[in-house]
Each structure stands twice: as C-alpha cells, then as structure tokens.
Amino acid sequence: MSMRNALLVAASGLAMASAVAFAAESPNFGRVATPEEIAPWDISIGPDGVGLPSGSETPKQGEAVFAAKCVACHGEKGAGKPNDQLVGGQGTLPGDKPPVKTVGSFWPYATTVFDYVRRAMPHNESKSLTNDEVYAVVAYILNLNGITADVDTMDARTLPKVKMPNRDGFVTFSRGN
Amino acid sequence: MTRDETSKYTITLPDGKSLQFVLPMEGKSVITQPSPGLTMKGSGLYEISGVAWSGYGKITKVEVSADSGKSWAQAALQPPVLSKALTRFRMPWRWNGGPGVLQSRATDETGYVQPTREKMIAARGSRTIYHSNAITTWAVSDKGEVKHVYA
C-alpha cells in the first residue's frame with residue numbers, strides 16, 4: 001500500500017468513526033427505555049386476570065368513588081347520560097333495534113373492565129385512580145348489574161372468577177361470516 | 001381484550017352473538033363526484049369519480065351503475081393501485097338531465113365483491129356501523145341535486 005492510499009484509508013476510517021459518534025450523541029435517536037420507565041405503561045390485564053395488582057374493595061366503597069368521579073358522565077347508578085350507560089341492557093343484544101351495550105349486557109370479562117377504568121377513566125383525569133379505587137368502582141358496577149352480591153369484595157383473586165352474562169356471546173370473525 | 005376490541009371491532013348479529021376481532025374493512029367504494037352537496041348544472045358530459053378500498057388487498061375492479069344496479073360498466077382505475085389503499089376510479093357519464101341513480105361496486109384481488117345493502121343486512125343485520133361496507137346509492141334529481149338514498 002502506498003503512503004497516499006494508507007492516508008486515504010486512515011482518513012475514511014476517521015470519517016466513519018466521527019459519524020458513529022455523531023449518531024450516538026444525536027438527540028433524535030433516543031435511547032433504550034429503562035425498566036422503571038416502562039413499568040407505568042406496562043399495565044395490560046388479560047381476560048384471565050394476569051397482571052391484576054394488589055388491592056381490594058367492596059361495592060359500598062365503590063359507590064363513594066362513583067359519586068365523586070363517575071356520576072357526572074355516567075349518571076346515577078350508571079344509568080348513562082351524558083356518556084355511556086354502564087348498567088342494564090341485558091336481553092337487548094338480539095333483534096334489529098339498537099342494542100344497549102353495557103358492562104352488564106355486553107362485556108365478556110370483568111378483568112378487562114378493571115384494565116379499561118384504570119387506563120382511561122375518569123376521562124378528564126385518566127390514570128388518577130388508585131388500584132383500590134379501581135377495584136371499588138368495578139365492584140360497584142358489577143353489583144349494580146346484579147352480577148355480584150353487595151358483600152362481594154373484588155381483588156386479583158375474585159375478579160377473574162366473575163362470570164359475565166355475555167361471556168359466551170362472541171364468535172371469532174373469519175371471512176364469510 | 002381491550003374495550004375497543006370489545007366495542008368497536010365487533011359486529012352484533014341479529015341472534016345477539018357478536019363477531020369479534022373484526023379487523024379488516026372489507027371491500028368498499030363510494031362515488032365522490034357527483035355526491036350530496038355537489039349539484040350538477042345541466043345535462044351533458046360528466047365524469048363520475050370515487051374511491052374504492054379493501055382490507056383484503058388490492059382493488060381489481062370497480063363497476064358503476066347509473067340505473068340503480070340494473071346495468072353496470074367497468075370504471076378505469078387510476079394508478080398506483082396499492083394493497084389496502086384508496087384507489088381512484090373514473091367513468092364518463094352523459095347525463096340526460098333526468099332522474100338517475102348512481103352506484104359503485106368494488107371487487108378486490110381475493111374476489112370479494114362489495115355487497116348490496118340488502119345482502120349485507122341479510123347476512124349481518126342492520127346494526128353494523130363501523131364495518132358497514134354496502135353499496136352506497138346517490139339519487140340524482142332532474143334538477144341535478146344529489147341525495148343519499150337506500151336502494
């Protein structure tokens with residue numbers, strides 16, 4: 001290798017090294033999220049209840065949470081208006097009239113009600129409820145729907161065992177049906 | 001199953017069961033010109049144009065009818081025709097100034113044909129909202145006004 005070529009190789013090597021350094025320092029390429037950063041986002045709860053946190057509450061405690069945080073949109077005892085109805089509607093799914101789809105009439109799993117409320121409710125202040133408050137309000141809504149008893153405490157063990165009325169009301173879509 | 005997988009990606013059938021995880025939008029098309037709000041001004045040559053799309057792949061054919069589905073003619077597709085993408089179709093139409101009923105019907109590369117409203121309701125009832133993909137009908141009056149109608 002001539003001296004000139006060796007210099008060219010060295011120069012291109014330097015250029016590549018500086019490009020790599022630039023990429024690593026560039027603010028636009030980000031970095032790997034830490035486990036601590038991921039944890040608050042990693043809150044999915046499957047139908048089987050895997051992922052449910054500790055905590056437990058009763059419908060009576062849920063009534064207080066509902067009155068403070070939910071009633072303005074979901075109405076007294078979850079009757080609806082101005083937003084979604086949460087209670088009733090059982091028996092309205094068949095037929096040709098608009099069905100009344102509520103937690104009691106439509107939702108297949110109680111566990112995913114917890115997931116949704118914790119993730120999205122109250123709408124103006126999502127993720128603000130404690131796990132106990134979410135268990136409480138889920139217990140209250142299930143009780144209002146007549147699915148659980150007044151004394152039934154909801155927690156990570158009991159919630160997955162709740163049998164929802166429309167549990168078997170779903171058929172997996174495939175082409176042609 | 002999230003709330004939206006339960007409430008939005010489902011179709012509740014007349015028997016009360018709900019089809020679940022209905023993720024594809026099946027073949028669909030709509031005429032955008034003329035359409036309600038675009039009043040036609042006098043008889044003569046017009047270009048019927050619209051868009052078609054399918055969650056199953058590419059659009060292979062769009063047919064247009066000006067007589068409420070009694071007769072159909074094949075429209076030209078404007079490239080690029082891409083999978084699961086809006087595809088523009090065009091068809092010249094000589095409007096005689098009388099009442100007309102315009103429809104478009106898409107076919108995709110899997111052979112799926114956009115259904116009539118009657119056929120869609122027979123299969124799934126009248127309560128499919130997000131996944132409603134039936135043929136859309138525009139009625140043209142002798143004044144050139146365009147209205148949405150069921151046919």
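Visitor: How many residues does the contact take from chain B and from chain A?
Guide: This is a predicted model. The contact takes 18 residues from chain B and, from chain A, 19 residues.

Visitor: What is the mean pLDDT of chain A?
Guide: Residues 1–19 of chain A stay under 50 in pLDDT, and for this stretch the model has one contact beyond four places in sequence. Over chain A, 84% of the residues reach 70 or more, and the mean pLDDT is 86.

Visitor: In what order do the elements of chain A run from the N terminus on?
Guide: Chain A has six helices and three strands. From the N terminus on, the order is α-α-β-α-α-α-α-β-β.

Visitor: What share of the contacts in chain A with a separation of 6 or more comes from residues 24 or more positions apart?
Guide: Chain A has 177 residues, and 29% of them are buried. Among its contacts with a separation of 6 or more, the share from residues 24 or more positions apart is 59%.

Visitor: Which element gives the largest share of the largest nonpolar core?
Guide: That core has 29 residues, and the members touching the most others are A:Val113, A:Phe114, A:Val137, A:Val138 and A:Ile141. Two or more residues come from each of α3 (59–69), α5 (111–120) and α6 (131–144) of chain A. The largest share is ten residues, and its source is α6(A).

Visitor: Which residues does A:Val113 touch, not counting those up to four places away in sequence?
Guide: A:Val113 is among the core members that touch the most others. With residues up to four places away left out, its contacts are A:Val103, A:Trp107, A:Val138 and A:Ile141.

Visitor: How many residues are in the second, separate core?
Guide: Its members include B:Trp53, B:Ile59, B:Ala66 and B:Trp138. The number of residues in this second core is 16.

Visitor: Is α3(A) roughly parallel or roughly perpendicular to α6(A)?
Guide: The axes of the two helices come within 7 Å and cross at roughly 105°. Angles of 65 to 115 degrees fall in one class, so α3(A) and α6(A) are roughly perpendicular.

Visitor: How many nonpolar, polar and charged residues are in the contact of α3(A) with α6(A)?
Guide: From α3(A), the residues are A:Pro59, A:Gln61, A:Gly62, A:Glu63, A:Val65 and A:Phe66. They meet A:Glu133, A:Ala136, A:Val137, A:Ala139, A:Tyr140 and A:Asn143 in α6(A). By class, the contact has seven nonpolar, three polar and two charged residues.

Visitor: Where does A:Pro122 lie?
Guide: The peptide bond from A:Met121 to A:Pro122 is cis, with omega near -10°. Most peptide bonds are trans. A:Pro122 lies in the loop between α5 and α6 of chain A.

Visitor: Is B:Phe21 buried or partly exposed?
Guide: B:Phe21 is found in the loop between β2 and β3 (28–33) of chain B, and its phi is positive, near 60°. A buried residue needs 20 or more other C-beta atoms within 10 Å. B:Phe21 has 15, so this residue is partly exposed.

Conventions. Residues are numbered from 1 along each chain as its sequence is written. Chains are lettered from A and ligands numbered from 1 in the order in which they are written. This is a predicted model: local features need pLDDT of at least 70, side-chain atom pairs count only at pLDDT 80 or more; totals for chains, interfaces and linings use all residues. A nonpolar core is a set of buried Ala, Val, Leu, Ile, Met, Phe, Trp, Tyr and Cys residues joined through C-beta atoms within 7 Å. A residue is buried if 20 or more other C-beta atoms lie within 10 Å of its own, exposed if 12 or fewer, and partly exposed in between; C-beta atoms are placed from the backbone. Helices (H or I, at least four residues) and strands (E, at least two) are DSSP runs, numbered from the N terminus. Two residues are in contact if their C-beta atoms, placed from the backbone, lie within 7 Å. pLDDT is the predictor's confidence in each residue, from 0 to 100. Axes are lines fitted to C-alpha atoms, for helices over the stretch in contact, and angles run from 0 to 180 degrees between N-to-C directions. Angles under 35 degrees count as roughly parallel, over 145 as roughly antiparallel, 65 to 115 as roughly perpendicular and the rest as oblique. Ala, Val, Leu, Ile, Met, Phe, Trp, Tyr, Cys and Pro count as nonpolar, Asp, Glu, Lys and Arg as charged, and the others, Gly among them, as polar.
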